[in-house]
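User: I've got a model open and would like to talk through its fold. Can you take my questions one at a time?

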Amino acid sequence: MLTAAARDFGAVVMLLLLICSTCQAQLSSTFYANTCPNALSTIRTSIRSAIARERRMAASLIRLHFHDCFVQGCDASILLDNSPSITSEKFVVQNNNSARGFEVIDQAKSAVENICPGVVSCADILAVAARDASEYVGGPTWTVKLGRRDSTTASASLASSDLPLTSASLQSLIGLFERKGLSERDMVALSGSHTIGQARCVTFRGRIYSNGNDIDAGFASTRRRNCPATSPNGNGNLAPLDLVTPNSFDNNYFKNLLQKKGLLQSDQVLFSGGSTDSIVTEYSRNPSTFSSDFASAMVKMGDIEPLTGSAGIIRRVCSAVN
C-alpha cells in the first residue's frame, strides 16, 4: 500500500503536470523566440512578395484564416487535400472555387522549413499571413499569438454548417459567430475585411437581379454588365466587394452599405434595419474605431479552439498529414 507521503508526492506531481499542460496550452507571441527566431520575418517576406504580385491575394489570405478558424478551430484543417482518410474542406460550397492562396501558404511554409524544419505550424502561418496581408494593404496590424498545432483531420460537414453563406440572413450570421464566441460587433468588424477583394458573379447574381428595395438600382445595373442573369454564364466573373477603393483597406465598405451598395446579400443584411445598423454607421464615420475593432476581433478569432501542447502535429507539408 502507498504511504501517506507517497500519496502526497503523487498528488504534487499530478498538480505540477496539470499546471504544466495549462502553461503549454497558452498561445504566446514569443512562442518561436528560441526555436525559430526568424520565423515571423521569413513568413512576412514571403507574404509581402505574394501580395506584390497580386494585390487581391491580401483579401484571400485573410479569408483563408477565417475559414480555417471557423471549422474545428484554428488548426489548418482547411489546407488538407483529399486523401483516403480525409475529405477535404476545400470543396464545400463556401470554399469551392473561391478559397484561394493555398500556394502562398505553401511557399511561406517551405521558406520556414528551410530554416527551422518541423517547428512552425501551418495554423500559425495562416494567422501570421492574415496579419501581414492586412498591414501590407494599409489595414491594421496586431500582435499574433502563436503556438497552434496542426490537425490530422478535416471536416467537410462542419465546413458546410459553420461557414457563412453569401445568402445568409442577419440572424443566421449572428448565430454562427456567437457559436464561435464572437459578438455582433466582432462580426461586423470582421465583415469589414470585404473592403478588399473580389467576389464571383455566382455569389451575388441573386441580389443584383432581385429588384429588391435593399439594393441601389444604379449599382445593380452596373454589376449586371459583367454578371449575366442565367447560370452558369459568367459564374466566375469577378466584381470588387468595395466598388470605391477595392485595393485599399479602409472603411468605405461600411459607407457602401449605407447607400445599399453591398455586393453580397450577407454584406447588406448588416445594414438593413436590424441590430447591427448602429455598428455599421459608427464604422462608416470612425475609421480608427473600425481599424481597432478589426484588429481585436482578429485576435479573438485566432483564439478559437487551437490545438496546443501535445495535441495535433506540426505538418511538414501543409496539404497533407505527415
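**Inside helix α8**

User: Which residues of α8 are buried?

Analyst: This is a predicted model, where local features need pLDDT of at least 70, side-chain atom pairs count only at pLDDT 80 or more, and totals for chains, interfaces and linings use all residues. Residues are numbered from 1 along each chain as its sequence is written, and side-chain values use heavy atoms, with hydrogens and water left out. Buried means under 20% relative accessible area (1.4 Å probe, protein chains only), and helices are DSSP runs of H or I, at least four residues, numbered from the N terminus. On that basis, the buried ones in α8 are D186, M187, V188, A189, L190 and S191.

User: Why is α8 largely enclosed by the rest of the structure?

Analyst: Helix α8 covers residues 184–191. It's largely enclosed because, of its eight residues, the number buried is six.

User: What do those buried residues pack against?

Analyst: Count a contact as heavy atoms within 4.5 Å. The buried residues of α8 then pack against α7 (170–179), α11 (252–258), α13 (277–285) and α14 (287–302).

User: How much of the whole protein is buried?

Analyst: Zooming out, the C-alpha trace spans about 80 × 40 × 40 Å along its principal axes. Across the 322 residues, the buried share is 49%.

Definitions and conventions
Buried means under 20% relative accessible area, exposed over 50%, partly exposed in between (1.4 Å probe, protein chains only). Helices (H or I, at least four residues) and strands (E, at least two) are DSSP runs, numbered from the N terminus.
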